[in-house]
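Here is a short briefing to read alongside the model.

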Amino acid sequence: MEKTFIMIKPEAVNNKKQGEIIDLLLKNRFEVVEMRQFRFTDGEARRFYDIHEGKPFFEDLVSYITSGPVVGLHLRKEHAVRVLRTLVGPTDPADAAPGTIRYMYGTDLQRNAVHASDSPESAEKELAIVFPED
């Protein structure tokens, strides 16, 4: 079993779509290990997205992701990262295939409904930020 991470972004939470998205995850046989609704602090958001630091969109991304509550889910499944990335679809909803989360719930490149880990290493880092050990 592999673990991965998905975050339902502020606009999807504000539009009350988190239940539908979680239902899709369950229908695709992901096991929910942990789930948490929270609001990123500025520091947490900068650490979470540090791979993008220095890029022109970084400050807008931090501002956006701290603008409202998000839902983080620790998921588990065989080949979890790859299977989840397929279910989520491309970053730009305009390029996403019907049936993918971003096709159904995303509106633009930034407001694309969810973030999903792109590797087991990213999942480890992101899970540690969202679900820190006490």
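Which side chain meets that of Glu20 in a salt bridge? The partner is Lys17, at 3.6 Å from N to O; a salt bridge here is a side-chain nitrogen of Lys or Arg within 4 Å of a carboxyl oxygen of Asp or Glu. Please keep in mind that this is a predicted model, where local features need pLDDT of at least 70, side-chain atom pairs count only at pLDDT 80 or more, and totals for chains, interfaces and linings use all residues. Residues are numbered from 1 along each chain as its sequence is written, and side-chain values use heavy atoms, with hydrogens and water left out.

**Salt bridges**
- The count comes to 7 salt bridges.
- Lys3 and Glu124 form one of them, at 3.2 Å from N to O; this pair joins strand β1 to helix α7 across 121 residues. (Helices, H or I of at least four residues, and strands, E of at least two, are DSSP runs numbered from the N terminus.)
- Glu31 and Arg76 meet at 2.8 Å, N to O, linking strand β2 to strand β3 with the two residues 45 apart.
- Asp42, Arg46 and Glu59 are linked in a network of salt bridges.

**The sheet**
- An open sheet is formed by 4 strands in the order β2-β3-β1-β4, with antiparallel pairing; two strands pair if DSSP finds at least two bridges between them.
- The edge strands, β2 (31–38) and β4, each pair on one side only.
- β1 and β3 are joined by 7 bridges, and Thr4 stands opposite Leu75 in β3.
- Helix α5 packs on the sheet, touching β1, β3 and β4 (contact means heavy atoms within 4.5 Å), and its direction makes about 30 degrees with that of β1. Axes are lines fitted to C-alpha atoms, for helices over the stretch in contact, and angles run from 0 to 180 degrees between N-to-C directions.

**Cores and burial**
- The largest nonpolar core has 21 residues, and Ile6, Leu25, Leu84 and Val114 are among those with the most contacts inside it. Such a core is a set of buried Ala, Val, Leu, Ile, Met, Phe, Trp, Tyr and Cys residues joined through side-chain atoms within 4.5 Å.
- A second, separate core of 17 residues includes Phe5, Val62, Val70 and Phe131.
- In helix α4 (residues 58–65), the buried residues are Phe58, Leu61, Val62, Tyr64 and Ile65; buried means under 20% relative accessible area, exposed over 50%, and partly exposed in between, with a 1.4 Å probe and protein chains only.
- β1, α1, α3 (42–48) and β3 are included in what covers these α4 residues.
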